[in-house]
Amino acid sequence: MIDLHCHILDAIDDGARDADDSVAMARQAEADGIEAICATPHIRHDHDVRIEELAGRVRGLNERLERELVAVRILQGGEVAETALEGLGEEELERVALGSGRWVLLEPAPGPLGESLLRRVGQLAERGYGTIVAHPERHLSADMFERMTALVAEGALIQATADFFLRENMAKGMLAMAEKGLVHVLSSDAHTVLGGRPVRISSALERLREVGLLAPHMEWIAETAPSAIVNGDPLEVPFAPRI
Ligand SMILES: [Fe+2]
């Protein structure tokens, strides 16, 4: 498994507190069967992430994980706020795209999923990138499934937060989203081992197996899609939204 959304780089945003926290997060991932993690710090006005330093930070963490015999590989990436997108030059965009750089993890602006997000999916396509919409389930509105469907029709993929499938108060809504075919990949969006969501995907994948529409596509969701995304390989979605 590959975790496409994780704040594992330390002291760079609101993620890992220090290097030990990063290593502990990687150990959590390893225990879950995750072999690679995209480091996705917030690219957003309230976090001063130096994009040109990301490659060195990723290399440093990979070296430490090797020394500590943790079998998890860190890949470069970012969680790009939709409001930050236009300020990014071509080189910067390439550096914050996931893995080998054909897909951008795009964080919707606060509030309901808006028309602006849809426009930005189109802008990213013009710049040669696919869009993965980060945790749209956090942007509630009565017509959120219609809005997600419009994003998917524009070529976007939906990244749902794995841990939400396991929370009593959220599981029902998450499964409803999955039943409509509005989940393409699951990620942890973990920030630290000290609290909140763990770096864990497998239990949520088990829950997805119970969803009729997605059940035949679990291999695609768990392995094919994440691996094509980080490798920049062509990707065709084998199911369509049904709302
Ligand atoms: Fe995040």
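**Close-up 1. Strands E2 and E4 pair side by side in this predicted model.** Strand E2, which covers residues 36-39, pairs with E4 in the parallel sense, and the pairing runs over 3 bridges. Within this pair, cysteine 38 stands opposite leucine 75 in E4. In general, the strands of a sheet pair through backbone hydrogen bonds, either parallel or antiparallel.

**Close-up 2. The open sheet has the strand order E1-E2-E4.** The sheet is formed by 3 strands, and their pairing is parallel. Strand E1 (2-6) and strand E4 (73-75) are the edge strands, each of which pairs on one side only. On average, and with direction ignored, neighbouring strands of this sheet are turned by 25° against each other.

**Close-up 3. An iron ion is coordinated by His5, His7, Glu79 and Asp189.** The donor atoms are NE2 of His5, NE2 of His7, OE of Glu79 and OD of Asp189, at 2.1 to 2.3 Å. Because the 4 donor atoms subtend angles of 81 to 167° around the iron ion, the arrangement is irregular.

**Close-up 4. Histidine 7 and aspartate 189 tie together parts that are 182 residues apart in sequence.** Histidine 7 lies in the loop between E1 and helix H1 (19-32), whereas aspartate 189 lies in the loop between strand E9 (185-187) and helix H7 (202-208). Both histidine 7 and aspartate 189 are buried.

Technical notes. Residues numbered from 1 in each chain as written. Predicted model: local features only at pLDDT ≥ 70, side-chain atom pairs only at ≥ 80, totals over all residues. Heavy atoms only, no water. Pairing = 2+ DSSP bridges. Helix = DSSP H or I, 4+ residues; strand = E, 2+ residues; numbered from the N terminus. Axes fitted to C-alpha atoms, helices over the stretch in contact; angles between N-to-C directions. Donors = N, O, S within 2.8 Å, 3.2 Å for Na, K, Ca; no water. Tetrahedral: all angles 85-135°; square planar, octahedral: opposite > 155°, others 65-115°. Buried < 20%, exposed > 50% of the residue type's maximum accessible area, 1.4 Å probe, protein only.
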